[in-house]
Amino acid sequence: MTPPRWMWWLCCLLLWTACAGPEVRRPRSYSQIAMDSATAGCLRNPACASQVGQDAILPWLSRAAVRAAEAAAVMRLWDAAEVARVEHVLVECAKRANLEVNDRMLGPGQRTSRAICEEQVVDANGRTVKRGVLLGNAKHEAALACVQQELGKTDAGRFSLEPRYLRDAKMGRTRWLDPEEVARWLAAGQFFLLTGTIAPDVVLHALGNPLQVQRVYDFKFPCPVTNFPRWDPYPDGHPFAAKEQGQLYQQMLKSEQKPQLVSPNFGVTE
């Protein structure tokens, strides 16, 4: 027997209600909402038709990745291979400076001895000092010039030579001093303004940011050269009296690694 027409209408009504009723599912997370919004926006944007894969679904994610890559490139932090390259340059510059200054100040082929190092001489300012001090100062200048020549061609803005840092006790942080400002102070004889500052020989840092320090190096030219290099404590009367150079550098600059010494005979050491 054929069911009455009203029963057919009732079945159809029930089926329609079930399809249109509330959907039971888990609440969407923020990321899901963002993805759906991005997808909907992409569907409304004809430019997305030329994209494939996740770029078409998540155009914002692609842009964020690009921005992150650009930020990393701007930071230009030193990786392990680059640090190894720099340390090789530093050691070679130390060796070159040691030989060139000995030849110039002691005579071709001459080398330092304990007697030569202890000899009393008068420096350019009329002070009586040991010859070893004069040799060390000259070798420092030669080594720094060598580093500038070698690294300046490829790594400008990522390293500093003898940068000045000052611990700001009031602010509780370390400040980097502008080299031009320091030069004006020195030219005006205002040496007191440099009281409490440090000036490591070579600092590797993020591109354009001398305060984001990664590595710190100091050249040492022991006299005679066979002596092992070491960090010296600051003398009595100095603002950092009795403190060791390397420890102070570490405290003030918060470098990733301990500051290291560079010498012609022993290379890079702590």
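Trainee: Which residues are linked in a network of salt bridges?

Mentor: Glu 82, Arg 85, Asp 155 and Arg 158. Keep in mind that this is a predicted model.

Trainee: What makes Arg 85 and Asp 155 a salt bridge?

Mentor: Their closest N and O atoms are 3.1 Å apart. The cut-off is a Lys or Arg side-chain nitrogen within 4 Å of an Asp or Glu carboxyl oxygen, so the pair of Arg 85 and Asp 155 qualifies at 3.1 Å.

Trainee: And why does this pair tie together parts that are apart in sequence?

Mentor: Because Arg 85 sits in helix α5, while Asp 155 belongs to the loop between α7 and β3; the parts they join are 70 residues apart in sequence.

Trainee: Is Asp 155 buried or exposed?

Mentor: Its relative accessible area is 2%, and buried means under 20%, so Asp 155 is buried. Arg 85 comes out at 34%, which falls between 20% and 50%, so Arg 85 is partly exposed.

Trainee: How do you know that Arg 230 counts as exposed?

Mentor: Exposed starts over 50%, and Arg 230 has 55% relative accessibility, so the label holds. Arg 230 meets Asp 232 in a salt bridge at 2.8 Å, N to O, and Asp 232 is partly exposed at 33%.

Trainee: How many salt bridges does the structure hold?

Mentor: There are 8. Another one of them joins the side chains of Asp 123 and Arg 127, at 3.0 Å from N to O. Asp 123 has 12% relative accessibility, so it goes down as buried.

Trainee: What makes β8 and β9 a pair?

Mentor: They are joined by 3 bridges and run parallel. Pairing needs at least two bridges, so β8 and β9 pass. Within that pair, Asp 218 stands opposite Leu 261 in β9.

Trainee: Last one: which residues touch the most other members of the largest nonpolar core?

Mentor: Leu 90, Val 147, Val 202, Leu 204, Tyr 217, Phe 219 and Val 262, out of 21 residues. α5 gives the most to this core, with 8 residues.

Notes:
Residues numbered from 1 in each chain as written. Predicted model: local features only at pLDDT ≥ 70, side-chain atom pairs only at ≥ 80, totals over all residues. Heavy atoms only, no water. Core = buried A, V, L, I, M, F, W, Y, C linked by side-chain atoms within 4.5 Å. Buried < 20%, exposed > 50% of the residue type's maximum accessible area, 1.4 Å probe, protein only. Helix = DSSP H or I, 4+ residues; strand = E, 2+ residues; numbered from the N terminus.
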